[in-house]
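Work through the exercises below with the sequence and the coordinates at hand. Each task is followed by a solution in steps.

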Amino acid sequence: ARISFVFGLAITLLFLAAIFDEYSPKKLSILFYILFWIPMLVVHELGHAFAAKLLGWRVREIVIGFGRTLWQWNIGETRIKIKQAPVEGYVLPAPVEPKQIRLKSMLIYAAGPGAEILVLVLMLLWFGWDTVFNDSDQTSLIALKTLAMVIIVGAGFNLLPFRTEGAVSDGLGILSSPFMSDEAIETRLLTFELREVQQLLENNDADRALRLLEPLLERFPGNLILLLTYGSALSASHQDDRARDFVRKNLANAGLRDDKRREWLHLQAHVELGADEPDYMTLDLALQKALATTPDAPDLIATKGASLVQRGKYEYGGNLLAQAWRSNDGSASDALMLAYLAIAAKRSGNIAATKHFGTAFNQVNRSKALHNRVSRVFGRHPDS
């Protein structure tokens, strides 16, 4: 947070220096560009959300920015979040039926940049091309031209087909929607139910989560995300033997693809990590096999680090967790890594690191089960 603040302050001072060094009205376009970016970001995300609603989908979440959440509230079933750095955003829509889901997905992806382009079209119709794309020293016309450039850059960039951490650009979403797999469609249909299950697991109510999952498994018996979530719920409810048998049964599937096998191996490691009497040989073997396919995967490295900390190898485990933290692509849980980094620091007697990781853990953690695991070591709130 301190680095972000200092970096942001430095950039702001550089912008101000650029504006006031041999000042001319045209240099105000730098300031206007920054000021217009956030409103157009909001227009972009609302374009996605309104398109989803018009097409009969539900909207789970609208997020503006990244980093720590500053404000959040609900409008109906939709959670709105405003985060620390409002330079990007996303919307999480969910279909309610499979009918024309691929076409509707394309339209929803297109609606974000489409909403921005619509604003530009309205500007051109109202003011005219020559007025918008002028070469004037008049402040209002400079602002109008800058707004047009913000729209062109923002919409154009989002329409480029590329993949980011855990997501795709609107352009790639439009191109890939027609080829969405049946399993991906099932997962999108399960969006709200899986969110409810996740909240129950975070609240340490695994029994209710299992009751909610069982009828879903009858509807979608082969869905990987649903099966993995069910295995996690069995583990969270401390039905360790059932969880182990469930994972072994799915790993025994001869037709299992390598990427799916890797997910089951990771779950097998997590089952042992949270078991009342962990089988660390099974845990190590599962991680060894999974890491053979993706040796630099942050989520696997984090799980290995946590298991080492749990066994008293605090320095080695802490180093692996720090490595996973630095390279995390969104696959590893921040709360899990910070929990075991706090435990490692506490057991090693590093007071400053204990407070640092403990405070950070309390800021990001939503899991009561993980909180209880940390509290057993600290005997109180870990940032005390």
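A residue is called buried under 20% relative accessible area, exposed over 50%, and partly exposed in between. The model is a predicted one.

**Exercise 1. Classify D241 and R244 by accessibility, and state how their side chains are related.**

Step 1. D241 has a relative accessibility of 55%. Because exposed means over 50%, D241 counts as exposed.

Step 2. R244 has a relative accessible area of 17%. This value falls under the 20% limit, so R244 is buried.

Step 3. The two side chains form a salt bridge, with an N to O distance of 3.4 Å.

Step 4. Both residues belong to helix α11 (residues 240-251), where they are 3 residues apart, or about one helical turn. An α-helix has 3.6 residues a turn, so residues three or four places apart point the same way.

**Exercise 2. Find which helices are linked by the salt bridge between R262 and D299, and decide whether each partner is buried or exposed.**

Step 1. The N to O distance between the side chains of R262 and D299 is 2.8 Å.

Step 2. R262 is in helix α12 (residues 258-273) and D299 is in helix α14, so this pair ties together parts that are 37 residues apart in sequence.

Step 3. R262 counts as buried at 11% relative accessibility, and D299 is buried as well, with a relative accessible area of 9%.

**Exercise 3. Check the length of helix α15 and determine how its buried residues are arranged.**

Step 1. Helix α15 (residues 314-326) has 13 residues, and at 1.5 Å a residue it should span 18 Å. The expected span takes one less than the number of residues. The end C-alpha atoms are 18 Å apart, so the model agrees with the expectation.

Step 2. The buried residues of α15 are G317, G318, L320, L321 and A324. They cover an arc of only 160° around the axis, so they sit on the same side of α15.

Step 3. E315 and R326, on the other side of α15, are exposed.

Step 4. The packing partners of the buried residues of α15 are α14 (298-310) and α16 (334-348).

**Exercise 4. Describe the nonpolar surface patch that includes V121.**

Step 1. The patch covers about 550 Å² and is made by I117, L118, V121, L122, L125 and L159.

Step 2. V121 is in helix α3 (residues 101-127). Its relative accessible area is 37%, so V121 is partly exposed.

Methods: Residues are numbered from 1 along each chain as its sequence is written. This is a predicted model: local features need pLDDT of at least 70, side-chain atom pairs count only at pLDDT 80 or more; totals for chains, interfaces and linings use all residues. Side-chain values use heavy atoms; hydrogens and water are left out. Patches are made of residues with over 30% relative accessible area and no salt bridge: like charges are joined within 9 Å, nonpolar side chains (Val, Leu, Ile, Met, Phe, Trp, Tyr) within 5 Å. Accessible areas come from the Shrake-Rupley method with a 1.4 Å probe; for residues, only the protein chains shown count as cover. A salt bridge is a side-chain nitrogen of Lys or Arg within 4 Å of a carboxyl oxygen of Asp or Glu. Helices (H or I, at least four residues) and strands (E, at least two) are DSSP runs, numbered from the N terminus. Buried means under 20% relative accessible area, exposed over 50%, partly exposed in between (1.4 Å probe, protein chains only). The arc is that of the directions from the helix axis to the C-beta atoms. Contact means heavy atoms within 4.5 Å.
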